[in-house]
Amino acid sequence: MNIAEMYSSLPQYRCWLNYEQFHDTADTSLEPYCRTIFVPSGFKVLQSAAAELSAAVKGAFRFSPRITERDDGACGIVLAVDEDSFPDGCDAFRISRSVDETRIYITGANENSVLYGAFEFIFALGCGKSADKIEMLSHTPNRIRIMQQWDNASGDIERGYAGNSIFYKDGKITSDFSRIRDYARLLASVGINYISLNNVNVHETETKFITPEYLPQIAAIASVFSEYGIRVMLSINFAAPIAVGGLSTADPLEESVQNWWRETADTIWSYIPDFGGFVVKADSEGRPGPYTYGRNHVDGANMLADAVAPHGGIVLWRCFVYNCRMDWRDRTRDRARAAYDNFMPLDGKFRSNVVLQIKNGPMDFQIREPVTPLFGGLEKTNQMIEFQVTQEYTGHQIDLCYLVPMWKEALDFDTFARGKGSRVSDIVSGKLFGSPLGGAAGVSNIGDSPAWTGNPLAQANLFGFGRLAWDPARTSEEIARSWAVLTFGRDSKVVETVTSMLLRSRDVYEHYTCPLGIGWFVNPQVHYGPSVDGYEYSCWGTYHYADLHGIGVDRTAATGTGYAAQYRQPNAEMYEHLETCPEELLLFFHHVPYSYRLKSGQTLLQYIYDSHFRGADEAEELKKDWESLRGRIDPQIFDEVEKRLTLQVQDAIEWRDVVNTYFYRKTGIPDEKGRKIYP
Ligand code: GCU
């Protein structure tokens with residue numbers, strides 16, 4: 001028995017493609033159409049679409065549709081590519097009904113788009129839509145919607161909280177592709193069109209993935225994804241010419257190095273004709289890169305870009321480049337400045353098949369950060385936004401933290417780069433500056449746990465990343481609600497409760513952890529649980545500077561690190577001044593006395609106390625909400641979530657007490673409301 005068969009009956013494994021329960025939700029007006037699926041033969045992605053529709057129909061109406069390529073005039077669903085109707089070159093589909101109401105057409109700009117249309121139809125079926133409401137047109141502005149695995153050949157996953165890799169074990173690539181196929185289905189269903197298969201930190205074994213030793217197996221994985229329109233990419237080691245090529249240098253301006261990469265690319269594409277290209281973490285956290293040879297990121301990225309260009313490949317070059325050997329004593333230095341300082345001078349110098357992959361914030365996936373000023377700074381460079389779906393700093397998939405609202409904030413942020421309304425979403429899509437490539441990258445949160453994401457509720461983040469990457473205009477709430485219906489069925493108490501829990505969860509997590517944008521109060525290395533000074537005297541550039549008078553990082557131009565001035569106006573001015581700085585980011589931009597009065601009238605210190613008491617209470621409410629659903633939810637899912645909410649409540653209490661005691665000891669000022677703070 002393969003892994004998929006072993007797990008396939010589990011609702012937690014099926015996620016939002018749990019077709020079994022469509023029987024309760026599907027509207028019977030769609031049934032006549034579902035009897036026949038018309039699909040041209042010879043197109044593998046269209047065949048996947050038909051197979052998927054067929055499985056969903058079986059769940060909904062308990063019969064298997066007839067699948068045929070011959071149009072015999074019967075009532076049915078027609079799958080077809082129709083390039084001419086979608087001229088702008090982006091992925092797009094339409095679901096429409098024939099005038100005589102005998103046909104539902106799912107047409108798309110290309111095969112992939114038809115598959116996305118088929119899944120949208122499936123979602124409509126699962127959400128109980130009727131035939132007269134089925135019509136829709138959908139297109140994505142984002143050409144690259146990539147899921148990035150941080151999986152290592154050892155089978156571990158860097159920052160993985162859901163078990164081990166589904167791709168690798170003990171240095172070997174798995175031979176059971178059944179689960180990889182199901183992963184491809186999940187990703188395609190939310191519009192993902194690329195996946196990178198290995199960690200951005202590329203170790204010895206993964207360095208060899210680009211060689212004939214491993215390429216046959218990588219190709220086998222790629223062909224599974226390819227059936228679902230997903231192109232595989234690999235993270236590469238910039239020093240691979242030395243590590244596996246036998247050269248003495250990896251200098252990007254050396255001809256031997258350039259030739260090596262060109263030949264390597266030729267080899268890769270000979271195994272994998274639809275290979276996507278490379279993801280590169282260079283000169284970052286100890287990884288090799290062009291700086292080693294006195295070259296810069298343009299030299300490095302363009303060299304790789306030239307190697308992959310003949311094959312239509314792309315290079316996703318990460319901007320997570322900063323000095324991780326900082327001196328905490330030196331308050332003039334600021335890690336937040338790093339991405340901008342490193343990459344702004346290079347704007348306009350990258351090849352057209354290079355995309356800079358930029359984390360949403362200037363630091364590193366904290367629960368609250370401003371949007372990086374590189375968005376709005378760079379104008380002549382392809383850019384994409386990187387989000388962390390895996391919950392590294394946001395609760396390890398133990399604590400509930402629905403991240404879509406945070407991602408929305410980043411995408412909606414107005415950079416003012418071309419005047420008012422210059423949103424990040426329009427920059428990464430390429431619309432604002434007319435860049436040919438862009439999109440969104442998500443660091444995956446899945447592993448080999450039965451629910452994929454460990455915590456079944458963390459599936460909402462995986463679903464949400466794809467839904468948002470396809471259409472950044474979707475709201476957090478509509479994504480949460482549709483996920484809840486597809487996952488749990490139509491019990492409205494369940495749907496309402498789960499949706500509300502998801503939508504509250506990010507604020508709850510923020511309340512009991514790091515206040516007002518300061519971040520980093522976590523236990524070093526593991527990044528779970530409180531340690532206010534854990535990173536305070538380290539080399540990582542992640543400080544809060546709390547003393548007996550106040551806390552926060554002065555990033556103003558006037559008296560601080562000058563980071564605030566990296567933004568365009570009026571954002572730079574807004575962040576520069578305490579009075580206009582959005583309060584949720586106050587401590588990110590300013591060093592503030594504890595006596596400072598927030599808009600609510602509370603002092604900063606009292607706010608810290610209040611929010612931590614509140615957050616711990618709110619965590620308990622989340623748990624109570626979940627308990628109220630006992631008996632209404634698949635028991636395994638119920639238990640998995642309950643177990644974690646119990647831990648979350650403990651975690652929140654620990655955070656509350658550690659943080660409150662820390663500030664009480666610093667200040668000697670008690671809680672105005674007389675609640676228990678340990679001395
Ligand atoms: C974070 C994370 C690392 C990861 C890095 C990256 O710092 O803790 O594990 O490698 O981000 O994005 O490259």
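Q: In which sense do strands β10 and β11 pair, and over how many bridges?
A: Strand β10 (residues 194–196) and β11 pair in the parallel sense over three bridges. Pairing takes at least two DSSP bridges, and strands are DSSP runs of E with at least two residues, numbered from the N terminus. This is a predicted model, where local features need pLDDT of at least 70, side-chain atom pairs need 80 or more, and totals for chains, interfaces and linings use all residues. Residues are numbered from 1 along each chain, and side-chain values use heavy atoms, without hydrogens or water.

Q: Which residue does tyrosine 194 stand opposite?
A: Arginine 231 in β11.

Q: And what about β11 and β12, how do they pair?
A: In the parallel sense again, over four bridges, with β12 covering residues 277–280. There, serine 235 is opposite valine 279 of β12.

Q: Why is β11 largely enclosed?
A: Because five of its six residues (231–236) are buried, the rest of the structure largely encloses β11. Buried means under 20% relative accessible area, with a 1.4 Å probe and protein chains only.

Q: How far is lysine 281's polar side-chain atom from a ligand oxygen?
A: 2.6 Å. For asparagine 201, a polar side-chain atom is 3.0 Å from a ligand oxygen. Polar contacts are N or O pairs within 3.5 Å.

Q: How much of the ligand does the protein cover?
A: 96% of the 320 Å² of accessible area that the ligand has on its own, by the Shrake-Rupley method with a 1.4 Å probe.

Key: A polar contact is a pair of N or O atoms within 3.5 Å; within protein, one must be able to donate a hydrogen and the other to accept it, and residues adjacent in sequence count only if both atoms are side-chain atoms. Buried means under 20% relative accessible area, exposed over 50%, partly exposed in between (1.4 Å probe, protein chains only).
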